[in-house]
Amino acid sequence: MSVVFSGDVFVAVDSGSLDELDWTFRREVVNQVKRWHNEVVESDRERLQVESGFIWQLKEWIDRDVQKHRGVIEGCQTGLIRDAPFEYRVAYTDLLKEQLTAEMRETLETHEDELMAELEELAEDVDVYVEREGLQHTSQLEGSSGDPDPELGPE
């Protein structure tokens, strides 16, 4: 028996510190996340409306709610990172990686390398468990009295 694993690092816009931003900058961040979302999705049905124009400016003047802006960003990203096909996740991550500084890219690569090393270590540990412990349980199961529904022993 062997272990098959996969791991990847996905990048997203952090909405946790939006309250520190000016409301005009926040709404531009919201629109940019929508634009990136629209670049990734394939069908018109999945596209989000990116608002602009004079009426939008007036509407946003009175609607400066941080929670609303956070909700829009998280909603866009949840659709791409958690619920969408793998290709969407990769494309969105690549778009955001292009926005990172060289220092941030290096930090991200370090995190990716650390994640892969941890997964390799975990795979080795599971293989060792299966080779040692798993064989003992299997031999207990094979040595049973011909019971049609055998169960493992307490060991």
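Visitor: Where is V90 found?

Guide: V90 is found in helix α4. Helices are DSSP runs of H or I with at least four residues, strands are runs of E with at least two, and both are numbered from the N terminus.

Visitor: Before we go on, what kind of model is this?

Guide: It is a predicted model, where local features need pLDDT of at least 70, side-chain atom pairs count only at pLDDT 80 or more, and totals for chains, interfaces and linings use all residues. Residues are numbered from 1 along each chain as its sequence is written, and side-chain values use heavy atoms, with hydrogens and water left out.

Visitor: What does the chain average in pLDDT?

Guide: The average is 78, and 75% of the residues score at least 70. pLDDT is the predictor's confidence in each residue, from 0 to 100.

Visitor: Which helix has the lowest confidence, and which the highest?

Guide: Helix α2, residues 54-62, is lowest with a mean of 72, while α1 is highest at 90. Where pLDDT is low, the predicted coordinates should not be read in detail.

Visitor: How many helices and strands are there?

Guide: The chain has five helices and zero strands. From the N terminus the order is α-α-α-α-α.

Visitor: Back to V90. Is it buried, exposed or in between?

Guide: V90 counts as partly exposed, because its relative accessibility is 29%. Buried means under 20% relative accessible area, exposed means over 50%, and partly exposed lies in between (1.4 Å probe, protein chains only).

Visitor: And how far is V90 from V11?

Guide: They are 79 residues apart in sequence and 9.0 Å apart in space, C-alpha to C-alpha.

Visitor: How do α3 and α4 pack?

Guide: Helix α3 (residues 66-81) and helix α4 (residues 86-99) pack at about 125°, with axes 8 Å apart. Axes are lines fitted to C-alpha atoms, for helices over the stretch in contact, and angles run from 0 to 180 degrees between N-to-C directions. That angle makes α3 oblique to α4. Under 35 degrees counts as roughly parallel, over 145 as roughly antiparallel, 65 to 115 as roughly perpendicular, and the rest as oblique.

Visitor: Which residues make the contact?

Guide: From α3 they are Q77, L80 and I81, and from α4 they are Y88, R89, Y92 and L96. Contact means heavy atoms within 4.5 Å.

Visitor: Now α1. Is N31 buried or exposed?

Guide: N31, which is in helix α1 (residues 23-40), counts as buried because its relative accessibility is 2%. Leaving aside neighbours within four places in sequence, N31 is in contact with V50, E51 and W56.

Visitor: What about R27, what does that touch?

Guide: R27 is in helix α1. Not counting residues up to four places away in sequence, R27 touches W56, Q57, E60 and H69. At 8% relative accessibility, R27 counts as buried.

Visitor: What share of the chain is buried?

Guide: Buried residues make up 26% of the 155 residues.
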